[in-house]
Amino acid sequence: MVNGNKILEDISFIIPTLLTVFKFEKDTVIIDKPVSEIPKHLFDGKRNQYLSDHLLSWLQQTLKPSNGTKLLAVCSFDAYFGNYNFCFGEAIIGGKVAAVYLQRLLPQDGNGDNKVLSLLQDRLIKEAIHELGHTFGLRHCPLGSCIMYKSKTILDTDIKRREFCKICIRTLANSIGSHLK
Ligand SMILES: [Zn+2]
Ligand SMILES: [Zn+2]
């Protein structure tokens with residue numbers, strides 16, 4: 001059985017793609033130790049989900065990412081914000097914090113654990129790029145193949161590529177340029 005906690009044991013597989021896509025310098029992408037104590041007020045007991053936007057604020061206030069840092073929380077649990085039933089992830093647009101939530105990314109079993117694991121890894125990488133894209137100021141893109149397309153279902157995530165379209169890549173390059181200054 002592949003589950004969210006298992007994949008969290010080692011998420012270093014996302015690093016090479018992030019280095020390539022965002023042109024981060026080697027050794028500047030760091031996997032920090034897990035956050036184990038999350039305050040109760042970030043959890044909606046009635047819905048059994050975390051409140052994503054509250055979680056982002058809490059991460060920002062607690063972990064205090066420095067200027068020039070982008071913080072991506074990879075969370076094993078389910079979450080939502082606003083009127084949505086759930087979210088695959090959320091980020092502060094042009095901000096420093098983002099989160100991805102594994103629960104809705106978990107594939108159905110049945111194709112063998114290896115296939116399930118590689119599909120989950122692929123989805124996590126895509127969601128990580130998408131949410132980090134938001135932290136660089138990118139908004140949703142109408143192109144279904146672009147990584148900044150908003151996934152309404154997990155099929156949307158599976159269809160889109162790990163890349164930005166021509167327009168989004170330009171916005172990203174401008175943003176990374178000013179981010180590095
Ligand atoms: Zn988005
Ligand atoms: Zn795009």
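What follows is a walk through the strands, helices, core and loops of this structure.

The model is a predicted one, so local features are given where pLDDT is at least 70, side-chain atom pairs count only at pLDDT 80 or more, and totals for chains, interfaces and linings use all residues. Residues are numbered from 1 along each chain as its sequence is written, while chains are lettered from A and ligands numbered from 1 in the order in which they are written. Helices (H or I, at least four residues) and strands (E, at least two) are DSSP runs, numbered from the N terminus.

One open sheet holds 3 strands in the order β1-β2-β4, with mixed pairing; two strands pair if DSSP finds at least two bridges between them. The edges belong to β1 (43–44) and β4 (79–80), each with a single partner strand, so one side of each has no neighbour in the sheet. Between β1 and β2 (residues 49–51) there are 2 bridges, in the antiparallel sense. Aspartate 44 has glutamine 49 of β2 as its bridge partner. Helix α3 (residues 52–63) packs on this sheet, where it touches β2 and β4, and its direction makes about 55° with that of β2. Contact here is between residues whose C-beta atoms, placed from the backbone, lie within 7 Å. Axes are lines fitted to C-alpha atoms, for helices over the stretch in contact, and angles run from 0 to 180 degrees between N-to-C directions.

The loop between β1 and β2 contains asparagine 48. Phi of asparagine 48 is positive, near 60°, in a residue other than glycine. Asparagine 48 counts as exposed, because it has 9 C-beta neighbours inside 10 Å. The cut-offs are 20 or more other C-beta atoms within 10 Å of a residue's own for buried, 12 or fewer for exposed, and anything in between for partly exposed, with C-beta atoms placed from the backbone.

Another open sheet of 3 strands runs in the order β3-β6-β5, again with mixed pairing. Here β3 and β5 (89–91) take the edges, each with a single partner strand, so one side of each is left without a neighbour in the sheet. Ignoring direction, neighbouring strands of this sheet are turned by 10° against each other on average. Strands β3 and β6 (residues 97–101) pair in the parallel sense over 5 bridges, and leucine 71 has valine 97 in β6 as its bridge partner. The pairing of β5 with β6 is antiparallel, over 3 bridges, with alanine 91 bridged to alanine 98 in β6. Helix α4 (residues 113–135) packs on the sheet and touches β3, β5 and β6, its direction making about 155° with that of β6. Helix α3 also lies across β3, β5 and β6, at about 130° to β6.

How many residues of strand β3 are buried? In β3 (residues 71–75), 5 of the 5 residues are buried, so the strand is largely enclosed by the rest of the structure. In a regular strand, side chains alternate between the two faces of the sheet. In β3, Leu71, Ala73 and Cys75 point one way, and Leu72 and Val74 the other way.

The largest nonpolar core has 35 residues, of which Leu72, Cys75, Ala99, Val100, Tyr101 and Met148 touch the most other members. Such a core is a set of buried Ala, Val, Leu, Ile, Met, Phe, Trp, Tyr and Cys residues joined through C-beta atoms within 7 Å. The elements giving two or more residues to this core are α3, β3, β6, α4 and α6 (166–180). Leaving aside residues up to four places away in sequence, cysteine 75 touches Ala99, Val100, Tyr101 and Leu102.

Back to α3: Ser52, Leu55, Leu56 and Leu59 are buried in this helix. Seen down the axis of α3, its buried residues fall within an arc of 100°, so they line one face of the helix; the arc is that of the directions from the helix axis to the C-beta atoms. The cover over these buried residues includes β2, β3, β4, β5 and β6. Just after α3, lysine 64 takes a positive phi of about 45°. Lysine 64 sits in the loop between α3 and β3 and is exposed, with 10 other C-beta atoms within 10 Å.

Glycine 137 follows α4 and has a positive phi near 95°; its place is in the loop between α4 and α5 (154–159). With 16 C-beta neighbours inside 10 Å, glycine 137 counts as partly exposed.

Key. Two residues are in contact if their C-beta atoms, placed from the backbone, lie within 7 Å.
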